Amino acid sequence: MSTETPARLRQARAALAVSFLLQGITFALLVTCIPEIQDRYGLDDSLLPVFLAAVPVLAGVGSITSEWLVKRTSARGVLRVVQPVLCLTLAAVGLGDTLWQLGLVLGSFGLLVGALDASMNMLGVGLQHRYGRSIMLGFHAAFSLGGIVGAALAGLGSHYHLSLFTLFGTAAAVLIPLALLAGTRFAGPAELGDAVREASEAAARSIPWRPLLPLCLAMAVAYIADASVSNYSVKYLTDGLGSPDDVAKLSYLGYMVAMLLGRTLGDRAVQRWGAVPVVRGGAAVAALGFALAAAAPGPWAGIAGFTVLGFGICAIIPQVFAAGGRLFPDDSDAAVARLNLFNYVGFLIGSPLVGAIADASSYRWALLAPMMLVLAVIPLAGHFAPAPVVTRTPAKVA
């Protein structure tokens with residue numbers, strides 16, 4: 001390996017981290033402005049879960065389509081196109097005023113998010129193979145940082161009474177050039193070699209489902225909780241606790257700050273106490289966060305509850321991937337790919353579940369549903385312990 005290659009890999013890693021950061025900003029801007037989107041398009045609470053549920057469904061379609069495109073082009077090529085177009089789609093949300101226009105834009109957003117998620121993670125896995133050590137958590141920490149920035153921008157937009165088009169259009173005008181600039185430094189064949197192909201082939205190999213099922217359930221529950229916060233925390237504060245719009249945005253911001261801090265410190269906690277107590281404690285803290293938010297007498301108490309929730313959830317998701325990798329060390333990419341499917345399952349269940357209960361009763365009662373589901377992770381925590389390796393043999397895996 002030449003002396004220039006490590007420097008080029010570092011540039012590629014930094015560029016991909018910027019891509020995750022920009023995606024975090026884009027996603028946070030959209031989800032924290034759901035009340036304003038409802039007002040603009042006349043979308044009532046009974047229809048909101050339908051629109052929100054469609055996004056992860058189409059994201060799954062986009063992810064599968066992206067895999068097909070990557071085989072014919074490259075992950076770098078797909079990401080270079082998809083991310084700027086996604087930012088344009090965000091700006092388009094502020095242009096329409098009818099439900100069919102909103103459906104078209106959110107549908108496009110879902111397809112693009114799925115393609116973006118798949119291509120970013122393909123590049124990340126390829127870089128991780130070249131580095132020879134875990135670097136994926138850093139990319140997801142960049143996403144969390146982007147979520148903090150996006151929520152803060154949404155709060156400023158509400159405070160200064162900016163229209164959706166002004167807020168989203170201005171954001172897109174900044175994000176698109178940054179995405180294009182980052183795209184010039186993405187890793188390609190010269191840096192990755194066959195790493196992306198090797199990772200894809202590993203992910204396609206057949207491994208048994210049964211050992212992964214408890215981890216799949218934990219992943220789905222964690223993302224049900226995450227979808228509940230991203231889609232409904234701001235709604236709860238504005239509609240349930242009478243919060244001003246700018247203050248309500250702090251619910252998601254506090255959640256993402258806690259996620260970022262937890263992901264930064266989480267590895268040290270696991271090294272000191274082990275994965276089982278960290279996951280068990282994280283589930284208990286997450287349930288406490290839901291309870292605090294549901295019982296909150298006012299907006300600031302609700303923000304505190306969602307912040308506590310972030311500290312709990314952040315401990316679960318990375319450890320799901322780590323536990324899957326320990327089960328199948330020779331096929332860790334295949335295990336991660338299967339576990340990642342339950343990201344979409346969680347989002348698909350979480351949005352309609354909370355929305356339907358809130359529409360039938362109130363957001364306070366709706367938050368108790370994901371709270372009870374998070375508690376189910378506590379008895380599953382034993383599956384996060386280092387266990388005998390599951391060896392893949394051709395005779396047993398057909």
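**Helix packing and burial in a predicted model**

Analyst: In this predicted model, Gln83 is in contact with Ser19, Leu22, Gln23, Leu116 and Ala179, leaving aside its neighbours within four places in sequence. Gln83 lies in helix H4.

User: What makes Gln83 count as buried?

Analyst: The cut-off for a buried residue is a relative accessible area under 20%. Gln83 has a relative accessible area of 2%, and is therefore buried.

User: Why are H4 and H5 called roughly antiparallel?

Analyst: Helix H4 (residues 75–93) and helix H5 (residues 99–131) pack at an angle of about 150°, their axes 9 Å apart. Angles over 145 degrees count as roughly antiparallel, and the pair is therefore placed in that class. The crossing of H4 past H5 is left-handed.

User: Which residues of H4 and H5 meet, and how do they divide by class?

Analyst: The H4 side includes Ala75, Val78, Leu79, Val82, Gln83 and Leu86. Among the residues of H5 that they meet are Val105, Phe109, Leu112, Leu116 and Met120. By class, this contact has 17 nonpolar, 4 polar and 1 charged residues.

User: What makes H4 roughly antiparallel to H7?

Analyst: The axes of H4 and helix H7 (residues 164–183) come within 8 Å and cross at roughly 175°. With the limit set at over 145 degrees, H4 is therefore roughly antiparallel to H7. The contact of H4 with H7 divides into 13 nonpolar, 3 polar and 1 charged residues.

User: Which residues of H4 and H7 are in this contact?

Analyst: In H4 they include Arg80, Gln83, Pro84, Cys87 and Leu88. In H7 they include Phe165, Phe168, Ala172, Ile176 and Ala179. Gln83 is also one of the H4 residues in the contact with H5.

User: Why is helix H15 described as largely enclosed by the rest of the structure?

Analyst: Helix H15 (residues 317–327) has 11 residues, and 8 of them are buried, so the helix is described as largely enclosed. The buried residues are Ile317, Pro318, Gln319, Val320, Ala323, Gly324, Gly325 and Leu327.

User: What values describe the chain as a whole?

Analyst: The chain has 18 helices and 0 strands. Of its 398 residues, 55% count as buried. Among contacts between residues at least 6 apart in sequence, 87% join residues at least 24 apart. The chain exposes about 16700 Å², and carbon and sulfur atoms supply 67% of that area.

Conventions: Residues are numbered from 1 along each chain as its sequence is written. This is a predicted model: local features need pLDDT of at least 70, side-chain atom pairs count only at pLDDT 80 or more; totals for chains, interfaces and linings use all residues. Side-chain values use heavy atoms; hydrogens and water are left out. Axes are lines fitted to C-alpha atoms, for helices over the stretch in contact, and angles run from 0 to 180 degrees between N-to-C directions. Helices (H or I, at least four residues) and strands (E, at least two) are DSSP runs, numbered from the N terminus. Angles under 35 degrees count as roughly parallel, over 145 as roughly antiparallel, 65 to 115 as roughly perpendicular and the rest as oblique. A crossing is left-handed if the near helix is turned anticlockwise from the far one by less than a right angle, and right-handed if clockwise. Contact means heavy atoms within 4.5 Å. Ala, Val, Leu, Ile, Met, Phe, Trp, Tyr, Cys and Pro count as nonpolar, Asp, Glu, Lys and Arg as charged, and the others, Gly among them, as polar. Buried means under 20% relative accessible area, exposed over 50%, partly exposed in between (1.4 Å probe, protein chains only). Accessible areas come from the Shrake-Rupley method with a 1.4 Å probe; for residues, only the protein chains shown count as cover.
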